[in-house]
Amino acid sequence: MTTILSTVFIITGITTGLAIVITFANAFIADYGEKKMIINNDKEYIVEGGKSILSALVDQKIFIPSACGGKGSCGYCKCKVNEGGGPVLATEMSYLTEEDVENDIRLSCQVKIKEDVKIEIPEELFNVKQFEGKVVFSKDLTPKIKHLRIDITDGQEIEFKAGQYVQLLAPPYPGNAEEVFRAYSIASSPSETKSIDLIIGYVEEGIVTTYVHEHLSEGDEVLFNGPFGDFYLNEETGCDIYMVAVGTGIAPIRSILHYMNEKKIERKARFFFGARTQDDLFMVEEMKRLEEEMYDFEYIPVLSRADDDWEGERGRVTDLVDKLMEKSDSGEGREAYLCGGAPMIDSTEKALLGKGLPEEKILYDKFD
Ligand SMILES: Cc1cc2nc3c(=O)[nH]c(=O)nc-3n(C[C@H](O)[C@H](O)[C@H](O)COP(=O)(O)OP(=O)(O)OC[C@H]3O[C@@H](n4cnc5c(N)ncnc54)[C@H](O)[C@@H]3O)c2cc1C
Ligand code: FES
């Protein structure tokens with residue numbers, strides 16, 4: 001008995017000792033202290049060593065795209081690290097091309113600052129701002145999709161291009177201990193500079209969508225930053241526009257449509273919207289109204305599991321592209337805007353290429 005007790009005491013002693021050593025090591029050895037972060041060979045900041053480049057930028061109120069909130073799973077937070085980035089990490093590899101690696105492009109959320117760093121980011125990101133807002137409207141479009149309007153309450157106005165997105169912050173809430181940002185496309189027109197609309201779907205066990213669907217109510221305050229993204233209406237061309245979306249992918253398309261309507265842009269526009277059943281369709285009246293008001297716009301919903309009484313198109317949006325778009329070898333005069341999940345975008349892109357659209361005329365935002 002005495003032997004067993006002494007063995008337990010010895011093991012407990014060793015474990016406690018190791019825990020103390022590890023805690024001490026974390027606190028002192030892994031304490032990198034203050035480091036210099038030089039951006040674009042021009043601006044110098046003193047930052048906390050040990051943090052990721054992404055977090056250090058946020059501390060300085062410099063916001064770069066980071067759709068997954070720093071989890072290393074979106075590949076949006078790329079920046080050029082000229083010095084101090086250390087070797088490329090395994091966690092970055094699935095998002096970096098060979099060319100990226102050759103050009104010192106890194107995932108800023110994965111690179112920890114252990115020494116002074118020199119990085120490059122696009123100058124326009126210095127214009128991205130953080131906004132304080134208040135939810136003034138929250139409505140269920142379907143049981144799993146919410147339409148929010150957020151008024152900006154800090155006196156600023158937001159300038160963006162139709163199609164761009166913001167990053168909404170979910171604060172800690174029961175079941176989620178950390179602050180997390182996620183990307184949401186602005187669903188309102190750029191002419192509305194004092195508020196934004198968002199259309200947010202529920203993702204099972206999703207951190208931010210659970211916050212939005214279960215914890216956020218009218219009157220609540222929120223933080224968001226933006227605008228971001230190169231998915232926006234190209235106003236340089238007079239090309240016909242083909243828009244394809246499923247579910248919440250309607251958000252940036254709605255912004256583009258309202259903008260085109262307000263500016264009286266005279267271009268042919270077709271919007272193929274995919275859903276499963278009639279119950280999954282929303283904003284139909286609004287789309288019909290835009291059909292009447294706009295120069296040459298048609299809204300064409302397509303259902304993959306339509307009831308017998310459905311008189312519209314049936315199948316997937318990709319089938320609709322195949323059915324309704326003519327093949328053109330020149331590829332000129334048309335451009336496409338796709339929005340939604342990766343499988344839909346990949347198959348629709350393939351169908352569009354098959355119809356003769358060149359790759360550079362197909363713009364998309366993948367939501368997952
Ligand atoms: C540029 C851009 C614009 C976007 N705009 C919108 C928008 O307007 N409206 C909108 O609702 N969403 C939009 N998204 C998606 C959004 O950013 C989040 O990824 C999504 O809301 C899930 O966040 P979450 O924190 O709830 O889930 P997480 O906690 O990130 O994920 C939980 C789990 O769900 C999986 N998952 C994540 N996203 C999806 C998804 N979409 N479908 C199925 N599974 C998923 C994850 O892999 C994970 O396993 C956009 C994404 C990008 C990149
Ligand atoms: S923030 Fe998503 S990969 Fe870095």
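How many salt bridges does the count come to in this structure? In this predicted model, the count comes to 17 salt bridges.

**Domains**

- The domain assignment divides the chain into domain 1 (34-125), domain 2 (128-228) and domain 3 (240-366).
- The centres of domain 1 and domain 3, taken over C-alpha atoms, are separated by 36 Å.

**The pair Glu 92 and Arg 106**

- A salt bridge joins the side chains of Glu 92 and Arg 106, at 2.8 Å from N to O.
- Because Glu 92 belongs to helix 3 (residues 90-93) and Arg 106 to strand 4 (residues 105-107), this pair ties together parts that are 14 residues apart in sequence.
- Glu 92 has a relative accessible area of 0% and is therefore buried, since buried means under 20%.
- Arg 106 also counts as buried, with a relative accessibility of 5%.

**The pair Arg 149 and Asp 197**

- Arg 149 and Asp 197 form a salt bridge in which the closest N and O atoms are 2.6 Å apart.
- Distant parts of the chain are linked by this pair: Arg 149 is in strand 7 (residues 145-152) and Asp 197 is in strand 10 (residues 195-201), 48 residues apart.
- Are the two partners buried or exposed, in whole or in part? Arg 149 is partly exposed, its relative accessible area being 27%, whereas Asp 197 counts as buried at 1% relative accessibility.

**The pair Arg 267 and Glu 335**

- In the salt bridge between Arg 267 and Glu 335, the closest N and O atoms lie 2.6 Å apart.

- Which residues are joined into one network by salt bridges that share partners? The network consists of Arg 149, Asp 197, Arg 254 and Glu 286.
- Two of its members, Arg 149 and Asp 197, are the partners in the salt bridge described above, with their closest N and O atoms 2.6 Å apart.

Conventions: Residues numbered from 1 in each chain as written. Chains lettered and ligands numbered in written order. Predicted model: local features only at pLDDT ≥ 70, side-chain atom pairs only at ≥ 80, totals over all residues. Heavy atoms only, no water. Salt bridge = Lys/Arg side-chain N within 4 Å of Asp/Glu carboxyl O. Helix = DSSP H or I, 4+ residues; strand = E, 2+ residues; numbered from the N terminus. Buried < 20%, exposed > 50% of the residue type's maximum accessible area, 1.4 Å probe, protein only. Domains from an automatic or database assignment.
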